[in-house]
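Student: I would like to go through this model and ask what stands behind each label. Could you set the values against the criteria for me?

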Amino acid sequence: MAHTEEPQSSDPSGEHEAPLGDHVYDGIQEYDNPLPRWWTAIFWATFVFSIGYFFHYHLSGNGQSVAQGYAVDRRAADETRAREALTQNVTEELLASLLTNSAAVDKGKETFIGKCAVCHGQKGEGLIGPNLTDAHFIHGSGKMMDLYDVTSNGVDAKGMPAWSKQLGPEELRSVVAFVGTLRHTNLPGKAPEGAEHPPSQ
Amino acid sequence: MPMSARAEKFTYDDAIVRKFAFATIIWGLVATLAGLWVALIMVVPALSFGQPWLTFGRLRPLHTNAAIFAFAGNAVFAAVYYSTQRLLKTRMFSDGLSKFHFWGWQAIIVAAAITLPLGITQSKEYAELEWPIDIAIAVVWVAFAINFFGAIAKRRERHLYVAIWFYIATVITVAILHIFNNLVVPAGLFKSYPIYAGVQDAFMQWWYGHNAVAFFLTTPFLGLMYYFLPKAAGRPVFSYRLSILHFWSLVFLYIWAGPHHLHYTALPEWASTLGMLFSVMLWMPSWGGMINGLLTLRGAWNRVSQDPVLKFFVVGITFYGMATFEGPLLSIKSVNALSHYTDWTIAHVHSGALGWNGFMTFGMLYWLAPKLFQTQLWSKKLAEIHFWIGTLGILFYIVAIYAAGVTQGLMWRAFDETGRLAYPDFVETVVRIIPMYWVRVFGGSLFVAGVVLCLVNLLMTWKHRPKTYEEPVHEAPPLGAYAGTDPKPTVPAHPTMVSFAYQLRYFIDAAWHRVWERRPLKLSVWVAVSVVVASLFEIIPTFLIRSNVPTISTVEPYTPLELAGRDIYVAEGCYNCHSQMVRPIRSETERYGEYSKPGEFVYDHPFQWGSRRIGPDLHRVGGKYPHLWHLRHMDDPASTTQGSLMPPYPWLAQTELDFASIQPRVDAMAMLGVPYGKDVLAGQAEQTARAQASQIATELQQQGGPAGLESKQIIALIAYLQRLGTDIKRAPPAERNPELTAQSQPAGGQ
């Protein structure tokens with residue numbers, strides 16, 4: 001087999017024991033070096049791993065499926081939450097006492113601006129969600145516990161989130177306290193919705 | 001070799017290579033500029049100026065398609081046309097087909113550049129182009145295939161070199177992928193619905209998407225490497241048998257790996273596991289290519305410091321090694337749980353696209369320029385500068401985006417000590433990574449600057465070309481019947497075991513492969529068989545086993561108005577930033593709600609699961625907010641979400657919805673088996689849609705929104721968003737009032 005081009009320079013490092021094959025393509029030649037050992041070893045190892053993995057998770061019945069793993073996590077989280085709920089003893093009186101606690105109200109205001117204002121307005125005057133400053137209430141009669149329940153559990157059908165999922169117990173109480181101070185301040189804003197419950201109640 | 005055969009004279013067609021080379025660098029500039037632009041509007045959303053065609057959702061597909069099909073595509077064709085002729089000692093099969101291929105492909109790119117910003121899209125990643133363009137792609141690709149296989153048929157070189165094997169795998173597999181992922185039912189000249197829905201559509205899409213990376217961005221570039229690297233280095237290829245082994249293992253294993261794009265989704269778990277395991281097994285076959293590249297340079301390393309071509313190749317191959325280690329890593333489910341939907345994936349693909357595809361292309365162009373233009377490269381120094389700023393650009397880009405991805409992924413899953421999400425507002429996790437996005441803009445600018453230098457260098461080289469190009473005439477005898485002898489195992493007369501050992505030895509020595517290399521048909525058929533068999537192993541069970549998609553009785557087709565809204569969602573490219581797939585991971589269900597079930601997507605032609613969460617997941621957004629929230633949010637996202645990166649969509653509340661187009665769309669869906677009732681099918685789609693629109697508009701007004709929106713696009717979009725993910729929350733059919741069932745299902749609202 002005649003080489004049409006000058007043979008490529010011989011290997012100066014002398015590492016290539018392998019014969020230069022008789023293939024020449026447009027002057028390109030090929031050594032026939034053996035496969036690096038580590039390459040072959042890892043290649044086989046990935047096969048062995050794959051067979052073992054598939055057997056464990058899909059054939060042996062021992063492997064945990066994604067759904068099972070999720071259920072375990074879920075249960076643990078539910079238990080944590082249930083324990084937290086046991087330690088909470090939120091009452092109308094407790095919440096009412098916060099109305100005059102300026103530290104709690106200020107903290108609540110901060111949360112309100114960050115989380116609630118996009119829907120209820122910067123001052124609670126209503127925007128996407130209802131006006132919080134009038135004497136009309138859609139859910140309950142405007143008692144502190146009514147505010148707490150709506151804030152904590154949300155109103156799924158109307159797009160009000162359950163804030164207890166995001167806010168810790170203290171943060172939740174303080175934002176309810178702030179909203180409590182807004183009642184009956186009658187800021188101009190969104191038209192009243194729900195039934196009227198004057199402050200005397 | 002029978003020397004008796006009369007030598008034939010022939011020339012190579014380099015004019016076509018010059019065309020493809022220029023197209024490569026020009027589209028390379030367009031693709032990277034589009035990338036820079038979308039990186040910039042991500043940090044400055046106001047730069048979309050309220051123009052539909054300037055939004056991220058519409059331009060991101062333009063960037064990806066330009067990078068893959070225009071830049072890398074033309075580079076592949078330049079490489080194939082230059083090297084194939086020389087490796088086979090023949091001109092291409094037909095100059096006419098070559099020209100048709102070139103101009104057809106450029107026309108397709110122009111069509112893409114026009115239709116994508118107009119919101120004409122199939123919404124499947126890297127397969128966004130609508131059906132008329134898809135047909136054009138198929139035609140041009142077939143022309144390319146005829147030209148390529150025709151050249152093989154009339155070759156004067158007996159055996160096929162490894163580069164040709166890789167080209168064969170590319171030509172065959174891309175055709176299969178393209179055709180089967182783009183099977184659609186048209187609902188107009190520029191609108192279609194895929195024949196697959198939900199889980200199956202997702203599966204087909206990522207079978208395609210992953211293997212587009214494999215057979216459009218990997219195999220042809222390995223072919224390119226096997227030709228241009230030994231040419232530029234003047235060194236023999238390191239190992240012929242490694243070529244054989246890594247070629248066949250790549251071709252066979254790659255196809256299976258697609259489902260790793262769908263870990264923790266509603267895809268059946270066995271498929272997801274196969275995707276992961278085959279990706280892990282792909283690690284060494286990929287590295288086989290890297291080793292064969294880098295070790296070919298043994299004995300030529302001293303030249304790397306002086307030769308920009310070799311520098312580009314070395315860094316390109318190194319990025320290939322990095323990306324193909326990272327690919328298997330990311331396919332491991334627990335790693336993917338963190339990385340998926342984050343910028344980690346974006347960093348991964350850019351180390352591949354900029355490093356591997358980009359640098360291999362630049363290396364090739366600088367090596368080709370003096371040969372194509374028959375003069376010296378205008379400036380070697382400029383090429384050196386290109387190399388360094390390109391490398392720096394990639395590093396700035398990927399380091400920043402890796403950091404962004406890992407940061408955001410960790411923030412999404414962080415819980416505080418009370419078991420609540422540490423960052424419940426999605427936007428907090430976005431605001432945190434914006435500084436990294438600015439670093440990306442910087443890195444991207446460096447890379448683009450490099451592309452400009454390359455273009456200038458090529459243009460100046462071209463300017464110094466001779467008046468007429470020399471066309472050297474080559475000589476070689478035609479191939480007659482093969483007169484050589486095939487290596488055969490010499491099996492002595494021994495017991496069976498010994499004979500078997502000899503056979504095995506023969507197989508391992510791969511001497512048989514030499515026979516295949518002079519039988520292109522056999523080689524091609526086996527490539528096709530490998531690809532098809534591997535595909536069918538996953539496709540058949542995905543489509544036929546009913547338990548893969550358990551039926552949910554409350555899941556119903558979208559109403560005509562919701563379907564129209566969904567088409568707006570698709571056209572605006574919302575899937576580019578929002579997923580619709582809540583994974584069964586607690587940090588996700590806390591944030592978004594119940595995880596997504598396969599049965600919820602049975603009417604989703606096409607699926608909209610998405611692949612990146614630049615904004616939050618939307619699968620459970622239905623009913624989460626009042627209509628008014630959506631109206632204000634689409635008009636100005638920052639008004640409801642401070643710090644949002646979403647561009648405003650003010651035109652949706654001003655543009656009339658095309659009610660007349662709804663009926664054909666419903667009909668097309670019905671043709672696909674979506675059970676629309678008799679009322680809707682009897683030409684009532686428009687009427688039904690108008691009724692629902694006026695209901696939503698009224699509700700919107702009651703919530704304090706403006707009047708008179710019932711005929712606008714925004715109402716359809718709100719209808720769709722409010723429906724999303726709500727079906728499983730409804731009572732099963734038996735308990736529902738039949739009269740209500742017939743009505744539309746306005747979700748949420750007051």
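Tutor: What follows takes a predicted model and tests its labels one by one.

Student: Why is Lys89(B) called buried?

Tutor: The cut-off is 20 or more other C-beta atoms within 10 Å. Lys89(B) has 23 such neighbours, so it counts as buried.

Student: And what makes Gln374(B) partly exposed?

Tutor: Its count is 15 C-beta neighbours inside 10 Å. Buried needs 20 or more, and exposed needs 12 or fewer. The value for Gln374(B) falls in between, so the label is partly exposed.

Student: Where is Gln374(B) found, and what is its phi?

Tutor: Gln374(B) sits in the loop between H14 and H15 of chain B. Its phi is positive, about 50°, although Gln374(B) is not a glycine.

Student: How do you know that the length of H2(B) agrees with a helix?

Tutor: Take 1.5 Å times one less than the number of residues. H2(B) has 33 residues, so it should span 48 Å. Its end C-alpha atoms are 45 Å apart, which agrees.

Student: Where is H2(B) kinked?

Tutor: The kink is centred on Ala66(B) and is about 35°. That angle is taken between axes fitted to the seven residues ending there and the seven starting there.

Student: What makes H2(B) mostly covered?

Tutor: Of its 33 residues, 31 are buried. Each of those has 20 or more other C-beta atoms within 10 Å of its own.

Student: How is chain B divided?

Tutor: Chain B has domain 1 (8–463) and domain 2 (560–742). Their C-alpha centres lie 34 Å apart.

Student: What makes these two domains count as touching, and how many residues take part?

Tutor: A contact needs C-beta atoms within 7 Å. Domain 1 of chain B supplies 45 residues and domain 2 of chain B supplies 49. Several elements give at least two residues each on the domain 1 side, including helix H1 (15–43), helix H2 (56–88) and strand E3 (192–194) of chain B. H2(B) gives the most, with 5 residues.

Student: What is the make-up of that side of domain 1 of chain B by class?

Tutor: It has 26 nonpolar, 13 polar and 6 charged residues.

Student: How far apart are the domains of chain A?

Tutor: The assignment gives domain 1 (16–63) and domain 2 (86–196). Their C-alpha centres lie 65 Å apart.

Student: Which elements make up chain A?

Tutor: There are 6 helices and 4 strands. From the N terminus on, they run β-β-α-α-α-α-β-α-α-β.

Student: How do you know that H1(A) is close to its expected length?

Tutor: H1(A) has 23 residues, for which 33 Å is expected at 1.5 Å a residue. The reach from first C-alpha to last is 32 Å, close to that. Just after H1(A), Gly61(A) takes a positive phi of about 85°.

Student: How many residues join chain A to chain B?

Tutor: The contact involves 52 residues of chain A and 53 of chain B. On the chain A side, the largest share comes from H1(A), with 11 residues. By class, that side has 24 nonpolar, 15 polar and 13 charged residues.

Technical notes: Residues are numbered from 1 along each chain as its sequence is written. Chains are lettered from A and ligands numbered from 1 in the order in which they are written. This is a predicted model: local features need pLDDT of at least 70, side-chain atom pairs count only at pLDDT 80 or more; totals for chains, interfaces and linings use all residues. Domain bounds come from an automatic or database domain assignment. Ala, Val, Leu, Ile, Met, Phe, Trp, Tyr, Cys and Pro count as nonpolar, Asp, Glu, Lys and Arg as charged, and the others, Gly among them, as polar.
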